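Please keep the sequence and the 3D view at hand while you read.

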Amino acid sequence: MITRRGLMTGLGAGAVASFIPSLSLANRDAVPLSMPPLLDATDTGAFRLTAQSGQTNFAGRAASETWGFSQPYLGPTVRIRNTQEVQAEVENSLSEEISVHWHGMLIPGDVDGGPHQTIAPGSTWAPVLPVNQPAATIWFHTHIHGATARQVYNGLAGVMHLSDGLDDERGLPATYGVDDLTLVLQDRRFDRRGRMDYSLSMPEQMMGFLGDTMVINGQIGATAVVPNGIVRLRLLNGSNSRIYTLSMSDARPMHLIATDNGLLDRPIELTGLSLSPGERYEVLVDFGDGNDVSLISQQSPNTDMMGGGMMGGRPASGPPFEVLPFKADTSIQARITTLPDDLGGSRPALDSARAGQRRVTLDMGMGSMMMRRNGNQFSINGRPFDMNRTDFTVQQGTIERWSVSANMLMHPFHIHGVTFQVLSENGAAPAPQNTGWKDTVLVNGRTDLLVRFDQPASADLPFMFHCHILEHEDGGMMGQFAVV
Ligand code: C2O
Ligand code: CU
Ligand code: CU
């Protein structure tokens, strides 16, 4: 049986929430899921966001103090053209410094919004973003070193569509919120009074935060109402550390059409899709049979470590849980009823002939969780992140082969300012879902990448590379590089 209660198993969370919505399969008169508001800047080439605090009443419980961009929790979906110089403006009305990183945008380091580009309380950052890349679903979030996990948890994140306006020609669903759904997946925890809680138990200091309640687009217990035809799901894992292994509850296929940085050449039929923090995938699901069905997930594989085994890669234990129920509404005319076979995108096949080799080891202190008390536990190549150290410099326009290895846990590895090709995973061909253009990939053992460095970044405003489990990133599993 699938219940949200399933989320509880696997990790004895320090504070067990007293209220866990268990949406039974029979209860489908639930609230319809809403999309983030659409902020369409394709005509103006300009948009403005205000980082603010506010009150959010998650599913009618006591109000939580939350943060968002131009709204109380999370931000709007910002739509811009994929080839457009965009004037962004971000005002910080909060009382601490933030930054706004455009995760997935291939732009120079001086507008990337990493931890060096802080926006002080009361001030406004107004970068011009020279966007020129294939259409993609990307996102933006705060990136203050040591505070990213808490600030993102509070709500400082949002989705961005880089649009080329050609989806109709491709035969892809493209009506926002109708047959083109933007879904931000987050797990959260609530205290006894129903307020969103971010406190880390000892295991979570090592593993990363795991909530007990699914929150989709800032909503708990909502149902996505869809036409009975083909629907596009733009999935973002905006969780701090939870890794989802998604499938449909009746095992119907999900047709993968896009990875982090753009469309594939043609759809790939999948029954399971892993979605780690920071990753985006777009899938088509056919609701043409009119049946109600749910998106479900397996337990986060990293929770297995708590079962005694310290190695990643073992099957997740515990029952699957419901991520999002769907209700097909026959009164909504489906615009798309057949799958396109040519998406017009691409899969990377970079030339590795002259690629330099780099090793990246994602390290955690061995063994004891107590080590956290004795200083820094997380590092890359043995060195915890240092704002004042440039780890290396890459020559602009070159391609490098990065061999990324992870010990103990699985780590979603992300590089700023680039898109890459996954060459191999543990010596074998990459999983089908990793054959498109990526900027974040879940490393479970060893993953080899071909990375192309087209965007410049100075040593003063360098690009980051890090684990996207935010507690690991804040704890030092991050480095920085210049591209000159
Ligand atoms: Cu989405 Cu450096 O992060
Ligand atoms: Cu990024
Ligand atoms: Cu990690």
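Are Cys 467 and His 472 buried or exposed? Cys 467 is buried, and His 472 is buried as well. Here, buried means under 20% relative accessible area and exposed over 50%, with partly exposed in between (1.4 Å probe, protein chains only).

A word on conventions before going further. This is a predicted model, in which local features need pLDDT of at least 70 and side-chain atom pairs count only at pLDDT 80 or more, while totals for chains, interfaces and linings use all residues. Residues are numbered from 1 along each chain as its sequence is written, chains are lettered from A and ligands numbered from 1 in the order in which they are written, and side-chain values use heavy atoms, with hydrogens and water left out.

**The protein as a whole**

The secondary structure comes to four helices and 31 strands. These elements are DSSP runs numbered from the N terminus: helices are H or I with at least four residues, and strands are E with at least two. Of the 484 residues, 61% are buried. The protein exposes about 17,000 Å², and carbon and sulfur atoms supply 49% of that area; accessible areas come from the Shrake-Rupley method with a 1.4 Å probe, and for residues only the protein chains shown count as cover. Among contacts with a separation of 6 or more, 78% are between residues 24 or more positions apart, where contact means heavy atoms within 4.5 Å.

**Copper sites**

The two sites below are listed with their donors, which are N, O and S atoms within 2.8 Å of the metal (3.2 Å for Na, K and Ca); water is not among the atoms, so sites may look incomplete.

| Ion | Donors | Distance |
|---|---|---|
| Copper ion (ligand 3) | His 411 (ND1), Cys 467 (SG), His 472 (ND1) | 2.0 to 2.1 Å |
| Copper ion (ligand 2) | His 101 (NE2), His 414 (NE2) | 1.9 Å |

His 101 belongs to strand β6 (residues 101–103) and His 414 to strand β26 (residues 411–415), so this pair ties together parts that are 313 residues apart in sequence. Both of these histidines are buried.

Strand β26 takes part in an open sheet of five strands, in the order β24-β31-β30-β26-β28, with mixed pairing. Two strands pair if DSSP finds at least two bridges between them. The edges are β24 (392–394) and β28, each with a single partner strand, so one side of each is left without a neighbour in the sheet. Neighbouring strands here are turned by 25° against each other on average, direction ignored; axes are lines fitted to C-alpha atoms, for helices over the stretch in contact, and angles run from 0 to 180 degrees between N-to-C directions.

Four bridges link β26 and β28 in the antiparallel sense, and the copper ligand His 414 stands opposite Thr 440 in β28. Both faces of β28 are covered, with Thr 440 and Leu 442 on one side and Val 441 and Val 443 on the other, all buried. Elsewhere in the sheet, β30 (residues 463–467) and β31 (residues 478–483) pair antiparallel over four bridges, and the partner of His 466 in β31 is Met 478.

**A second open sheet and its surroundings**

Five strands form another open sheet, in the order β13-β21-β20-β15-β18, also with mixed pairing. Its edge strands are β13 (224–227) and β18 (273–275), each pairing on one side only. The twist averages 30° from one strand to the next. Within this sheet, β15 (residues 244–248) and β20 (residues 293–298) run antiparallel, joined by four bridges, and Leu 246 has Ser 297 as its bridge partner in β20.

Ala 251 has a positive phi of about 65° although it is not a glycine.

**Nonpolar cores**

A nonpolar core is a set of buried Ala, Val, Leu, Ile, Met, Phe, Trp, Tyr and Cys residues joined through side-chain atoms within 4.5 Å. The largest has 43 residues, of which Leu 183, Leu 185, Leu 235, Val 323 and Phe 326 touch the most other members. Strand β21 (residues 321–329) gives the largest share, five residues. A second, separate core of 32 residues includes Met 364, Met 408, Ile 415 and Val 422.
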